[in-house]
Amino acid sequence: MYLNFYMLDEKPFNATPDPRFLFLTPAHREALAQLVYGAQENKGFLVLTGEVGTGKTTLLHTLLQRLDSSTPVAFVMNSLLPFDGLLEYMLEDFGIRAAGQSSAQRLVALNHFLIERRRAGQTAVLILDEAQNLAPETLEQVRLLSNFETPTDKLLQILLVGQPELKLKLQLPGLRQLRQRIGLHAAIRPLTPEETRDYIQSRLRVAGAPDLRLFTDHAVGRIAEYTGGIPRLVNIVCDHCLLVGYAEQRRRIEGDIVEQAIEYLEEGRRPSRARGFTWQRGRPVLRWVLGGLGAAFVGGAGFLVLGSDTLGGAWGTVFEHVLNIARGARDLVAR
Ligand SMILES: Nc1ncnc2c1ncn2[C@@H]1O[C@H](COP(=O)(O)OP(=O)(O)OP(=O)(O)O)[C@@H](O)[C@H]1O
Ligand SMILES: [Mg+2]
């Protein structure tokens, strides 16, 4: 909908870890280099931590691209699985067929696979995303997987990725054996205000924006302040800014548009020019969840519904649509 108005080829602020939109700060590059090195050099357990929405999963997708294409990788994103489920998922990802039904049979099949890969000069990599949710018992069983080894080499490289709570979990006394095996700990942090500006411009560039200064300095400063440099939040706010800017027919996103977008996100309320839309205030975290889900809906499919860039009833169309997204998000959360 706003694509034509801002002459964009695609939406710049989708909440997906699309590697085409990858933006690497020096700190990101450092973390990525550490992980590639750790994975190639058999550094034992690798750990990557960062606050919610700072870009851990995005970085993992980049890591996968940087690893030798023949490296067998299992990428487990569902950290609520018990160990058996995790093992099953892992075997599937490694392409190990006919592993048997019992855990013991599966572990034997995994061991054979790892030895075979080693003979072919490869070290398999297991990536556990959202690892802060793994139960301590599951983490302990994951540690046992690192016992697959030859007298000279580890056969499986394990990367644990998660929010800062993961670090705390790894401090549990029951996990000290795992802790001792951590060979490398990389961390990513939120963007600085300057990086936030570059991040926004980088996304606009990939999306084909003719004017990379679509957001004024003042607008960017306010976005950086409000989001604390968390990329996911930057995406959500910027996407809302484009919606509001389009509805207001403003070619440039200035500070007042950002304020309206924030007001909408905070209050779930149509900004001043549009009337008749109210939504009950929620707790801040819930509002962010709803906002995030809303943005995901927008990014995923929602706007397919709206192909036209005609301005007739633009506010009404925009907010009716956003209201539907919010309702969907609310229903999901309420489930
Ligand atoms: N370096 C980056 N380059 C481009 N976009 C990014 C980057 N980091 C984050 N993003 C954007 O922010 C969104 C959230 O990032 P991501 O899902 O990687 O965060 P996360 O740290 O894994 O969050 P969570 O803790 O919730 O799992 C991504 O979908 C992507 O759109
Ligand atoms: Mg993630």
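**Group meeting: the ligand site, a helix and a sheet**

Let me start at ligand 1: of the 20 residues around it, Gly-55, Lys-56, Thr-57, Thr-58 and Pro-231 come nearest. Keep in mind that this is a predicted model.

What kinds of residues make up the shell around ligand 1? Seven are nonpolar, ten are polar and three are charged. Two helices to look for are α3, residues 56-66, and α11; each supplies at least two residues of that shell.

Next, helix α11. This helix covers residues 231-247, which makes 17 residues. From its first C-alpha to its last it reaches 24 Å, close to the 24 Å expected at 1.5 Å a residue. Is α11 mostly covered or mostly open? Mostly covered: 17 of its 17 residues are buried. After the helix comes Gln-249, with a positive phi, near 55°.

Last, the sheet. It is an open sheet of five strands, paired in parallel, and the order is β2-β3-β4-β1-β5. At the edges are β2, 73-76, and β5, 182-188, and each of these pairs on one side only. From one strand to the next, the twist averages 15°.

Take one pair as an example. Strand β3 spans residues 124-128 and pairs with β2 in the parallel sense, over four bridges. To find the place on screen, look for Phe-75, which stands opposite Ile-127 in β3.

Methods
Residues are numbered from 1 along each chain as its sequence is written. Chains are lettered from A and ligands numbered from 1 in the order in which they are written. This is a predicted model: local features need pLDDT of at least 70, side-chain atom pairs count only at pLDDT 80 or more; totals for chains, interfaces and linings use all residues. The expected span of a helix is 1.5 Å times one less than its number of residues. A residue is buried if 20 or more other C-beta atoms lie within 10 Å of its own, exposed if 12 or fewer, and partly exposed in between; C-beta atoms are placed from the backbone. Two strands pair if DSSP finds at least two bridges between them. Axes are lines fitted to C-alpha atoms, for helices over the stretch in contact, and angles run from 0 to 180 degrees between N-to-C directions. A residue is near a molecule or strand if its C-beta atom, placed from the backbone, lies within 6 Å of it. Ala, Val, Leu, Ile, Met, Phe, Trp, Tyr, Cys and Pro count as nonpolar, Asp, Glu, Lys and Arg as charged, and the others, Gly among them, as polar.
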